[in-house]
Amino acid sequence: MREPPLLQVEDLRVEFPTPKGSVRAADGVSFRVWPGEIVGLVGESGCGKSVTTLALLRLVRLPGRISSGRILFKGSDVLMLPEPEMRLLRGGEMAMIFQNPMTALDPVFTVGDQIAEVFQAHPNLRTGDVRTAAAAILERVRIPNAKAQVNAYPHQFSGGMAQRVMIGMGVAGRPSLLIADEPTTALDVSVQAQILDLLRAIRTELHTAIIFITHDLAITAQLCDRIVVMYAGQVVESSSTRDLFHAPRHPYTRGLLDSMPRLGQKRARFAQIPGQPPDLGALPVGCRFAPRCPRAEARCRAEEPMLTPSGDAREVRCHFPLEAP
Amino acid sequence: MTGPIASSQSPISVRELTGRRLARFRSGDVLVLIAFLMLAAIVICALIPATLAPYPPNQQEITLRLLPPGWMSRGDSAHLLGTDQLGRDLLSRVIHGARISLIVGLSALAISGIIGVAIGLLAGYYRGWLDDWIMRLADVQLAIPYVLLAIAIIAVIGPSNVNVVLVLTVNGWVVYARLARGQALSLREREFIQAYRALGARDWRIVLQHILPNLLSAVIVVASLELAGIITLESSLSFLGLGIQPPTVSWGYMLADGRTYLLGGAWWVVTFPGLAITATILSINVLADWLRDVLDPRLKI
């Protein structure tokens, strides 16, 4: 692509010690994000999506730790930054918003006070009066009557409004990269659509790249430019949204797409992927998806596939990728 | 239960139920009001004892020793609650005793609260070896009976009014440390704390600005319940002669001082300071319960 990538994650490993030995929640994750791009990070619960993105901000909770890999953000390795610089990066160039807006705001402070916190952490962002600046942020995320709402408490807000506040706080520093960890999961569908509109608008206005974590493929189809599919702590496929939906290469992606309900579909049951994701403490030999894969062969159970380029800006981790239909 | 019986009974039982609930509600309210008035009176006594008391607390009138309360036949209306073995006016002494009880109680409460909460916050937020050490220390201290600990400390540093506060603080911080640690442990995992970290907030700012205010209401409730305990403890120490030292008037010391005359029939010398202690603790407890219900109905302590 035309520019150098904004974010380049290479072979990232996050480990958690357990009594049964170390478990790799993210195991050799590699992907890239270009400026102004919306990337969907998709996968089942426990596949390492959240841990991967927390690692980008170096917020993996103890006892978890990043054991290897590189995270190049604007050309410099995030994992090498001293903590004070890291702190300025968080909420500055790289921001994150969370799944449940009602619990992600401190219940004892007004919304305005909480936005003011961002200016506390990043004094360079403030222009003029804190109240006015806070109101300006609420206006940017399209909260009506922003000047008065500055004095409201989080419990007076609906889930959608609270999520707008979170987004406002996230983009207060005009970040180059916004990480959104399932920001619409806790919201109902119509509010969800408004939040997606808001994220699109922010991308356009601020040229912010967005990593959008979700397990809802329908949302990624509407929102994302590219999609990274994760399975059992690894990236199994990454591709443009269009290519992914039209011609998935990895059998797991194919399984996910087949298990989506379609309008006008007559089938009584949804197709499903048999079995469960593997226990990260007891991974199968060979391909991690092989036990559930309809196409698995002897080689899949013996040799682990690598993430390899496949066609036009696509990557897939499979010995026998699906061909275009 | 069959239909007709149930329907004929239900109006009565409903009325009964609401009536009882109303009565309970009212009596609770009245109790809180009484407790409030009682505590207010005690606080006023503590603030301006010299104005309220008819005599200086240590003024002796040896010819009038062990005078019974004013309403009794041998009593003197000038000494409403009677006098003690040295002829000091009991009413004046009870009024003056309020001051030291409240001063000692509140200062021990404040100091142990601040220290305990600070330690608990650090332990709960940073975890690790700091947490392990502090909590083991707290466990060890809880295993030692407090009077024993108090006697040991006083034996080393000597009895004085300041040392009483010190002993009460050493005894009191554990409760706050454990409470604050528990709350900090649960709060630090809450999403909004993580959200603030992701926004680049410093650790000390998260602790002071977000964790502390969120656990404060629990601390206030516990502190109000603790206050009664601290005052009791102060009285017990003074009773044992390890607490407040004369000439400062304290209720606990008055109890100790007067108990030898109890057998001689001078019941009033110990009864009135005892009643003062009881009234103080009872009213604080009632108000603390009420405060808990108001501040945090979900809190179970």
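Helices (H or I, at least four residues) and strands (E, at least two) are DSSP runs, numbered from the N terminus. Chain A has 11 helices and 12 strands. This is a predicted model: local features need pLDDT of at least 70, side-chain atom pairs count only at pLDDT 80 or more, and totals for chains, interfaces and linings use all residues. Residues are numbered from 1 along each chain as its sequence is written, while chains are lettered from A and ligands numbered from 1 in the order in which they are written.

**Overall form.** The radius of gyration of chain A (taken over C-alpha atoms) is 21 Å, close to the 20 Å of the globule rule for 325 residues, so chain A is as compact as a globular protein of that length. The rule is 2.2 Å times the number of residues to the power 0.38. The C-alpha trace of chain A spans about 65 × 50 × 45 Å along its principal axes.

**A sheet in chain A.** Two strands pair if DSSP finds at least two bridges between them. Four strands form an open, antiparallel sheet in the order β2-β1-β4-β5 (chain A). Its edge strands, β2 (21–33) and β5 (76–77) of chain A, each pair on one side only. Antiparallel strands β1 and β4 of chain A are joined by 7 bridges. Glu15(A) stands opposite Arg65(A) in β4(A).

| Strand | Residues |
|---|---|
| β1(A) | residues 7–18 |
| β4(A) | residues 65–73 |

**Where the chains meet.** Residues are in contact if their C-beta atoms, placed from the backbone, lie within 7 Å. Chain A brings 23 residues to the contact and chain B brings 16 residues. On the side of chain A that touches chain B, α3(A) gives the most, with 4 residues.

Key. Two residues are in contact if their C-beta atoms, placed from the backbone, lie within 7 Å.
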